[in-house]
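Please take a look at the sequence and the structure below.

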Amino acid sequence: MKNILPQLTLSLVLHLTLGIQISQAQVNMTGGIVGRVTGEGGRIELLATPVGTHTANYVEGITTYPVVEQKGGYPLNKRHKAPERLKSGSSCIHGKRCLHFEGYATNETLPPDRLELNVARNDHPQAMGFDDWRYFRFYLRVHPDTNLRRRSIITQVWQSGSTARPDRPALGPAFAIKLRQHPDPKKLYVDFTYRNDVSAQNLAVTFHTDVILKNKWYNYHLKMLARHPGFSGGRGAILIFKDRGLCGSLPTEAAINYSAKDSSKYKFYWGYRPDPQTYLKDTFDIRVGIYRPVPNGYFAFWMDSIKLTSTVSQMCGL
């Protein structure tokens with residue numbers, strides 16, 4: 001296959017399966033719907049420089065979703081194109097357009113590989129906070145050529161203020177969904193992890209692992225309640241539902257991590273205690289996209305019918 005990026009060894013691309021346009025729009029919210037990304041009518045608003053910081057927004061309808069990416073890399077440049085082989089069989093699950101994230105491989109020593117779409121920022125009028133139930137859905141299909149040498153994030157709930165400070169390193173996401181390689185090259189593990197420890201270790205706890213096939217569409221619903229250690233109301237919760245469709249019911253007992261004998265499978269403290277001394281705040285970003293330690297393997301996936309709501313009744317439909 002011809003090398004289409006001779007000037008770069010790394011490219012991380014977010015695009016719609018039917019192309020990119022340049023435009024602008026304003027943030028909007030409707031009832032209990034906090035964020036919704038279907039790909040239909042969507043476009044990328046892009047500002048890029050040859051090196052250094054790149055800035056972009058994904059715009060759908062009258063809603064703008066900021067894009068978060070690794071500073072100092074080459075993730076966003078409108079001249080980059082996906083290899084021709086990606087165009088075949090790239091239809092979306094609902095409609096003709098959806099989000100496509102793609103990371104190329106390189107052997108160079110580079111910063112973490114990152115390109116994420118922020119479905120709801122921590123300063124959104126309906127931003128998720130502690131003791132706030134949120135309902136989140138996405139459809140996922142991973143490209144068959146994906147080769148993950150390290151576990152890689154595709155979704156994260158990031159607490160405001162978790163960035164590095166003079167008195168502590170950066171803290172990992174309060175909740176994350178990560179993909180990793182399976183012994184069967186046609187499959188991948190899906191790890192669901194949380195963090196609540198601000199110590200130097202800041203270890204991620206994997207509370208559930210699922211298995212998926214590459215090149216097949218799946219859908220996940222998440223029912224989330226964040227509560228940090230010491231929260232007066234007791235433990236928080238994350239319930240995971242698989243393949244419930246656009247309007248399927250979400251009873252607790254149907255969650256794939258539910259256990260009648262061991263509630264710690266889905267109930268636990270997650271997130272960090274807000275602390276003005278360390279700038280940890282009480283609201284979260286909810287992001288989808290690629291975030292991996294190093295770009296040492298090809299990684300691509302599609303996401304469709306993404307929806308974030310504050311009420312379960314608003315979750316039905318696109």
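The sections below describe the disulfides one by one.

## Basis

This is a predicted model, in which local features need pLDDT of at least 70, side-chain atom pairs count only at pLDDT 80 or more, and totals for chains, interfaces and linings use all residues. Residues are numbered from 1 along each chain as its sequence is written, and side-chain values use heavy atoms, with hydrogens and water left out.

## Count and pairing

The whole structure was searched, and two disulfides were found. A disulfide here is a pair of cysteine sulfur atoms within 2.5 Å. With the bonded cysteines of the chain numbered in sequence order, the pairing reads 1-2, 3-4.

## Cys92 and Cys98

Cys92 is joined to Cys98, with an S to S distance of 2.2 Å. The torsion about this S-S bond is about -75°, so the disulfide is left-handed.

Both Cys92 and Cys98 are buried. Buried means under 20% relative accessible area, exposed over 50%, and partly exposed in between (1.4 Å probe, protein chains only).

## Cys247 and Cys316

Cys247 is joined to Cys316, S to S 1.9 Å. The link of Cys247 and Cys316 is right-handed, with 90° about the S-S bond. This pair links distant parts of the chain, 69 residues apart. Cys247 lies in the loop between β15 (236-242) and β16 (267-268), and Cys316 in the segment after β18 (299-309). Strands (E, at least two residues) are DSSP runs, numbered from the N terminus.

Cys247 is partly exposed, at a relative accessible area of 48%. Cys316 also counts as partly exposed, at 42% relative accessibility.

How values were computed. Helix = DSSP H or I, 4+ residues; strand = E, 2+ residues; numbered from the N terminus.
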